[in-house]
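Here is a short briefing for anyone opening this structure for the first time. Keep the view at hand as you read.

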There are 2 protein chains.
Amino acid sequence: MSELPKLFSKIDELKPVFIDRLSKAVAIPSVSAEPERRPKVVEMANYLSEELKKLGTIVEFRHMGKQDGFEDLQLPPIVLGKLGNDPAKKNILIYGHYDVQPAALEDGWATEPFELVEKDDVLYGRGSTDDKGPVIGWINTLQAYQEAGIDIPVNLIFCFEGMEEYGSDGLDELIEIEKDKWFKDTDAVCISDNYWLGTTHPALTYGLRGVSYYQITVSGPGADLHSGVFGGTAAEPMTDLVHLFSKLVTSDGTIQIPGVMDMVAPVTEEEDALYEKIHFSVEELQNALGSKTNLFDDKKRTLMGRWRYPSLSIHGVEGAFSTTGAKTVIPAKVKGKFSIRTVPNIEMDQLDRCVIDYIDQEAKKLNTKNTVKAECLHAGNWWLSSPNHPNYVAAAKATKEVWNVEPDYTREGGSIPVALSFEKALNKNVLLLPMGRGDDGAHSINEKLNVPNYIQGSKTLGAYLFYVAAEL
Amino acid sequence: MSELPKLFSKIDELKPVFIDRLSKAVAIPSVSAEPERRPKVVEMANYLSEELKKLGTIVEFRHMGKQDGFEDLQLPPIVLGKLGNDPAKKNILIYGHYDVQPAALEDGWATEPFELVEKDDVLYGRGSTDDKGPVIGWINTLQAYQEAGIDIPVNLIFCFEGMEEYGSDGLDELIEIEKDKWFKDTDAVCISDNYWLGTTHPALTYGLRGVSYYQITVSGPGADLHSGVFGGTAAEPMTDLVHLFSKLVTSDGTIQIPGVMDMVAPVTEEEDALYEKIHFSVEELQNALGSKTNLFDDKKRTLMGRWRYPSLSIHGVEGAFSTTGAKTVIPAKVKGKFSIRTVPNIEMDQLDRCVIDYIDQEAKKLNTKNTVKAECLHAGNWWLSSPNHPNYVAAAKATKEVWNVEPDYTREGGSIPVALSFEKALNKNVLLLPMGRGDDGAHSINEKLNVPNYIQGSKTLGAYLFYVAAEL
């Protein structure tokens, strides 16, 4: 334990080096969603590989072939690494991603998105918090271990992908291939790719909601119609769709599909007691919303609504009029999109049956001549880990050491499919250890990472390695 | 009356000339919606002007300034003409438009849209039926009068615009300016810019529905949200919108807004008797729809649904997810668009009050924290003429003379605002005298005009001038 202060002062000493390292990473616009920037994604893989090699990491690239839906677009490599092979040490698998969301100054950024700008102890730039900051954070802490002359107490296995922001194309396949090879000795997994719940208190994340995405297609005439000529004589698909949409969820967020809420795990007394301790307020939600249109006025029900109850959102309609102005079209075929965020113990197949049967039944009641088809477009399961697992205990000790507080134990409303993928393939505990704050704006303009989160965060990752060696 | 056979043989003789004239007009892509083609619209105005001058017409251009919403785009000229000034003759105002809808081969046209192609007695090309065929038809029949040595029995006042397909920018203003000048001696108005109800029987059109276009704006958060993070904690505007949409109209087309149907003129016995005679079948509707999703299975109710009852169509949503794929967005602000086709005796202001009050009231019931605002974006009134007016009697006699049948007296479900504008400004009877068939595909791919409609149609226009001189 006496070695952590040494590690921490080395990290403080190296702060300019660490900011420079992140700066170089942010300067590479590794946007996975833009095919023309694919060479930049590859450049970022190379940069990461070089930084890892400087630590003594053995690095291998895995090429997962061409991108789905493109004639001739190679996926960026998945960067695998190994640092240390002491059979006496535990093996920790670190996942992160080196690609970023699209960004352009004209979207409203206050500074150049692909230039790391430090202002008032905040680092602005695309990827600063999602997920270059945390990925570089691992490299930082390992450099500090080495320069401080401290033995790294675990063996590290790295898996950094370059397609996370565009569906993680190829990753599940790679995990399946490597689970008994590159990843075979894994004792625990640590992912730093999410955020504190709020802006002040560090967190460990042990659960994620799943998502099942549905489409209702209503089709009638052979082509779009003019409402002057055909209004009042043709059954209109859009009319049917809005009636079906209106049966799904009420304005207060209550899901109306029979059977769904029955699958939700009841709140135990133990869980009920957890919420009061969590550092969060409805005002923080209102700040994030930019409005006072929150559904619930108390903290507990809000947190439950975010991560332990399902929610249903109607996203939009494909095929209808959708731009400005006033077009008098009767759309011939409309595809209504909605999704349900899922939680324990909702079973995906059972949910699909509930949803599709219900829509079929409601469509029959409409007595329309149009054709209605409901289907699930894709689904990813919810994930719930054990916050009492030694992997979490280690992270909690690390947090306490660096931040002098107990972490909040949080769940996320969204999904991080890779957590479940690793857990299923390796059957090992997966920990989500966030570095950034809840207001970092990961996918928005002016994405940022506060300097304390970056530097203390790098310390937290280092302390975690220290404690996990002891706890596992 | 003895002179009409002479006119008709001259028209038959000139058929190749007439097709060539239309061919030259179609070859000019006078698309008013495409600013880069504005010079072509002007070229078409010049072509029309030259053709009119060859007949001895005095032509003047009216320049109505710049197009709304553009920095520096001049509106195409409104072409005014006068042929004949015999004070003993009646003055007939002819309206038409020389601009066309956009068209491109890649939209699915079987032939080049801006090349008139004759195949199996059908003329294909953009503008063939809407509205170059009818406009050129007037020139044709006047040329035939002159070449046959027959005195044209009326004075003609022409008004041809080049912005009809893009909102008739400038036209109402021009009518207001010229009503006591260029148009001042008008005795009756004839517009050939619509279609037969079906494909076999000529028609005179004496009524149009109006349209009132509404928007419901629901806004909540300051920006779009991620449904993972915020689903279940934020009031979602799209949920509110679909509930409001679902209160407007049922799947069988019944308008649910109280007060609307109360304003509709009751069906008189006389009107009730009219429908049986009209040449139309539900099968024709199904052919036009390309499906069997018609609301009613009998002809009378279908025709009533089309032109004597109001209808409500939901057009789409601005601000929601609207493309292919599966985006998990909670839209922050959505604008739902719908319109009501109006009929006698709906009053536009009263309708707005019914609609907006009802939406406000239904929004209150939702008990949502989001903001709901309903408004009328634009409205054009319905129009109903008198089919017993001498102007219609003349057109009926002309139709009988050329086609050997009594015309169907029809109304249109859509709106042709200029009919009402002329009627209001000049206080004279307005006649809609269609040339093309119901399946011409005016705004679609493969727009066409059957050769018999073009040639017999030109004869009908000529015979109308003959009879209207006698009847008025």
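A salt bridge here is a side-chain nitrogen of Lys or Arg within 4 Å of a carboxyl oxygen of Asp or Glu. What you're looking at is a predicted model, where local features need pLDDT of at least 70 and side-chain atom pairs count only at pLDDT 80 or more, while totals for chains, interfaces and linings use all residues. Residues are numbered from 1 along each chain as its sequence is written, chains are lettered from A and ligands numbered from 1 in the order in which they are written, and side-chain values use heavy atoms, with hydrogens and water left out.

**Salt bridges**

- Over all chains, the rule turns up 50 salt bridges.
- One of them joins the side chains of A:K54 and A:E51, at 2.8 Å from N to O.
- Both A:K54 and A:E51 sit in helix α2 (residues 38-54) of chain A, three residues apart, or about one turn of the helix. Helices (H or I, at least four residues) and strands (E, at least two) are DSSP runs, numbered from the N terminus.

**Where chain A meets chain B**

- Chain A puts 74 residues into the contact and chain B puts in 74 residues; contact means heavy atoms within 4.5 Å.
- Together the two chains bury about 5500 Å², with 55% of it on carbon and sulfur atoms. Buried area is the accessible area (1.4 Å probe) that two parts lose on being put together, summed over both.
- A:T233, A:S251 and A:K369 supply 12% of the area chain A buries against chain B, more than any other three residues.
- Two salt bridges are counted between chain A and chain B.
- A:K369 also pairs with B:D297, their side chains meeting in a salt bridge at 3.2 Å from N to O.

**Two domains in chain A**

- Chain A is assigned domain 1 (4-208 + 383-471) and domain 2 (210-264 + 309-380); such bounds come from an automatic or database domain assignment.
- The centres of these domains, taken over C-alpha atoms, are 38 Å apart.
- Six residues from domain 1 of chain A and four residues from domain 2 of chain A make the contact.
- About 330 Å² is buried between domain 1 and domain 2 of chain A, and carbon and sulfur atoms give 53% of that.
- Across this domain interface the rule finds zero salt bridges.

**Aromatic pairs**

- The whole structure holds 16 aromatic pairs over all chains. Rings of Phe, Tyr and Trp (its six-membered ring) pair if their centres lie within 6.5 Å; planes under 30 degrees apart count as stacked, over 60 as edge-to-face and the rest as tilted.
- The rings of B:F183 and B:F422 have centres 5.8 Å apart and planes at 75°, so this pair is edge-to-face.

- The peptide bond from A:P344 to A:N345 is cis, with omega near 0°.
- A:N345 is in the loop between β13 (333-342) and α10 (348-366) of chain A.
- B:D130 and B:D131 are joined by a cis peptide bond too, with omega about 5°.
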